[in-house]
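User: I would like to learn how to read the place where two chains meet. Where do I start?

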There are 2 protein chains.
Amino acid sequence: MVKEIEIVSEERVAVIGSGNWGTVVARIVGRNVKRYADFHPEVKMWVFEELIKGRKLTEIINQQHENVKYLPGFKIPENVVAVPDLLDATRDATSLIFVVPHQFLHDICNQLKGRTHPKAKAISLVKGFNTTDSGIQPMSQVIEDILQLPVCTLSGANIANEIAEERFSETTIGYKFREEGELFKKLLETHYFRIGIVNDVVGVELCGALKNVIAVGAGIIDGLKMGDNTKAAIIRIGVLEMKSFIQRFYKGAKDETFFQSCGLADVITSCYGGRNRRIAEAHVVTGKSFEQLEKELLNGQKLQGPLTAKELNRVLSHKGLEDEYKLFTAIYRIVYEGLPPRKIFDQIV
Amino acid sequence: MVKEIEIVSEERVAVIGSGNWGTVVARIVGRNVKRYADFHPEVKMWVFEELIKGRKLTEIINQQHENVKYLPGFKIPENVVAVPDLLDATRDATSLIFVVPHQFLHDICNQLKGRTHPKAKAISLVKGFNTTDSGIQPMSQVIEDILQLPVCTLSGANIANEIAEERFSETTIGYKFREEGELFKKLLETHYFRIGIVNDVVGVELCGALKNVIAVGAGIIDGLKMGDNTKAAIIRIGVLEMKSFIQRFYKGAKDETFFQSCGLADVITSCYGGRNRRIAEAHVVTGKSFEQLEKELLNGQKLQGPLTAKELNRVLSHKGLEDEYKLFTAIYRIVYEGLPPRKIFDQIV
């Protein structure tokens with residue numbers, strides 16, 4: 001476990017990842033480093049190289065200052081430099097921002113192992129989680145374990161394009177060391193993207209995973225056309241089960257975290273928009289399986305909500321706790337065991 | 001202040017009020033008293049007498065077992081007896097359920113003063129609040145002050161007709177004496193209407209009032225067409241200000257209360273449905289004043305949200321606290337001082 005943190009007089013920033021969310025973040029960071037003397041004014045962005053109509057994506061970004069593939073229509077500040085080599089991008093960086101698809105994180109960390117700056121610290125914007133024999137492993141833990149860095153996490157009600165359009169929104173940073181939380185807040189906050197910080201890395205991150213299960217529950221209620229009361233009740237029960245699960249299995253998760261953007265707000269966003277809700281509603285209305293709907297509506301891509309429900313259930317059934325998490329268990333049974341959606345109410349009473 | 005509570009071996013129940021919500025509640029109570037030996041099997045319902053096509057409403061209810069005016073289409077159990085005289089309805093009752101429009105409560109309590117059963121206790125389902133020189137007075141406090149009874153309160157994400165249709169929903173009872181909370185839970189709970197109880201009378205009740213202000217904020221965001229992130233952020237900030245306000249001015253309001261149906265769930269319901277949200281949205285879209293919209297869309301009836309925002313602001317400005325409640329203050333200024341809705345974001349940052 002990492003025990004120390006050191007802020008240097010001129011932090012150098014690297015953004016690891018250049019997808020939709022990564023590019024939105026790089027735009028914010030590019031502007032912020034120019035505002036504050038305590039950051040080096042150049043930001044390196046590691047870009048997984050690909051060819052767009054025969055041109056390299058890094059070249060396009062460095063010449064046109066736009067990520068034409070993942071965030072077309074938005075200029076990237078010129079002090080953000082796209083770098084195709086992971087080690088070149090990160091070698092000098094003291095502040096690392098991880099924002100890659102979670103299936104690549106392990107590999108990337110292994111490439112970086114022993115090669116990061118001695119004063120490097122990190123923040124994870126990676127969504128999702130790892131599953132291990134002992135349960136659910138947060139992605140920040142993967143980074144910390146492999147790189148032995150102090151790792152913050154950022155999660156909230158954040159739809160990348162709404163933030164690119166500079167619509168008012170909020171997010172949450174979970175930190176272990178307060179100075180690190182404040183550093184990343186300074187680096188990532190703008191007047192339209194407000195950041196709350198809380199001394200709770202795992203709580204913040206796991207809210208981001210478990211909310212997807214609640215969204216499946218909300219979609220089921222929408223499909224049943226039960227009305228506003230019922231939906232609000234299901235969301236509330238979901239928040240309580242999420243809070244209880246996280247606090248039971250991860251000591252140190254704070255009550256306060258659930259009032260942050262990563263808690264309450266992200267749950268609400270996911271239960272009124274988003275694809276977990278939408279596919280669950282379609283399941284109830286059409287009677288098709290989630291797998292079938294993923295094929296038809298998401299090109300076979302897997303939804304996070306059902307996967308997370310399965311992982312939760314593995315933990316809960318193993319520990320004999322299904323009765324204490326009735327909503328999570330009912331959702332699992334509806335998705336994987338063919339329980340008729342309408343039975344959700346018998347299960348949770 | 002009331003110091004004691006006594007449950008009797010056979011509680012006699014009176015429902016004071018017979019509007020839409022009162023009738024829904026009378027149906028539930030009528031069934032429940034027959035299920036449990038510790039209640040007398042007859043329930044008296046005080047009905048403000050009126051003529052419906054020349055027939056007395058009490059007669060219709062007692063003959064047809066239906067409140068044709070306020071809850072048409074739903075049978076009332078035959079053991080619920082409509083009584084036109086307030087004192088006749090309540091004289092023997094040890095459990096009083098107040099469910100009347102708040103503007104009548106004071107008068108009703110004055111009529112009952114000194115005439116209730118010596119072991120009577122009460123629960124308030126009255127929505128709204130009184131305003132006094134010292135701020136906001138919960139309706140349960142009005143009952144307690146005048147009748148010197150122990151008073152619980154019930155509030156939650158409860159749309160009367162959805163509960164009449166037996167759709168799954170939840171509510172919250174706030175109690176001072178646990179036995180009283182449990183008594184009213186037994187009397188009012190069904191398999192589709194689940195009740196949480198919490199040792200916090202004022203917290204439960206004031207959530208029900210303050211949520212209307214948050215709903216106005218949500219409607220403003222809907223009118224501005226800002227997207228899901230922004231709306232979730234505003235709801236979250238609203239919940240935090242509601243929690244802070246209640247806990248600052250009413251000692252003993254519990255954190256837990258805000259996770260109950262009366263907190264989180266009722267806020268969500270009101271921010272996605274309901275007329276405070278709707279009228280606020282119309283204000284932004286049409287540019288018409290709230291007063292004008294109340295005339296056009298509500299026959300001049302006053303919305304709770306703007307009234308509550310005004311009362312809150314009276315307290316906050318008097319105490320120099322506007323800066324700590326930026327969202328409540330911004331909503332007040334938009335409703336009453338012509339602040340352009342889009343300025344809400346400058347106000348809360």
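Analyst: Start with buried area, which is the accessible area (1.4 Å probe) that two parts lose on being put together, summed over both. The size of an interface is often given in this way, as the accessible area lost when the parts come together. In this predicted model, chain A and chain B bury about 3,400 Å² between them, and 65% of it lies on carbon and sulfur atoms. On the side of chain A, Phe168(A), Asn229(A) and Phe259(A) lose the most area to chain B, together 25% of what that side buries.

User: How many residues of each chain are in contact?

Analyst: Contact means heavy atoms within 4.5 Å. By that rule, 38 residues of chain A touch 38 residues of chain B. Because 100% of the interface residues of chain A are also interface residues in chain B, the copies meet through the same surface.

User: How are the two copies related?

Analyst: Two copies of a chain are related by a rotation about an axis and a shift along it. Copies are superposed by least squares on the C-alpha atoms of residues with pLDDT of at least 70 in both, where pLDDT is the predictor's confidence in each residue, from 0 to 100. Here a rotation of 180° with 0.0 Å of shift along its axis places chain A on chain B, with an RMSD of 0.0 Å. The two copies are therefore related as by a two-fold rotation axis.

User: How many salt bridges cross the interface of chain A and chain B?

Analyst: A salt bridge is a side-chain nitrogen of Lys or Arg within 4 Å of a carboxyl oxygen of Asp or Glu. The rule finds two between chain A and chain B. Glu170(B) and Arg236(A) form a salt bridge through their side chains, at 2.6 Å from N to O.

User: What confidence does the predictor give?

Analyst: Chain A has an average pLDDT of 95, and 100% of its residues score at least 70. For the complex, the ipTM is 0.92 and the pTM is 0.93.

User: Which conventions apply?

Analyst: Residues are numbered from 1 along each chain as its sequence is written, and chains are lettered from A in the order in which they are written. Local features need pLDDT of at least 70, side-chain atom pairs count only at pLDDT 80 or more, totals for chains, interfaces and linings use all residues, and side-chain values use heavy atoms, with hydrogens and water left out.
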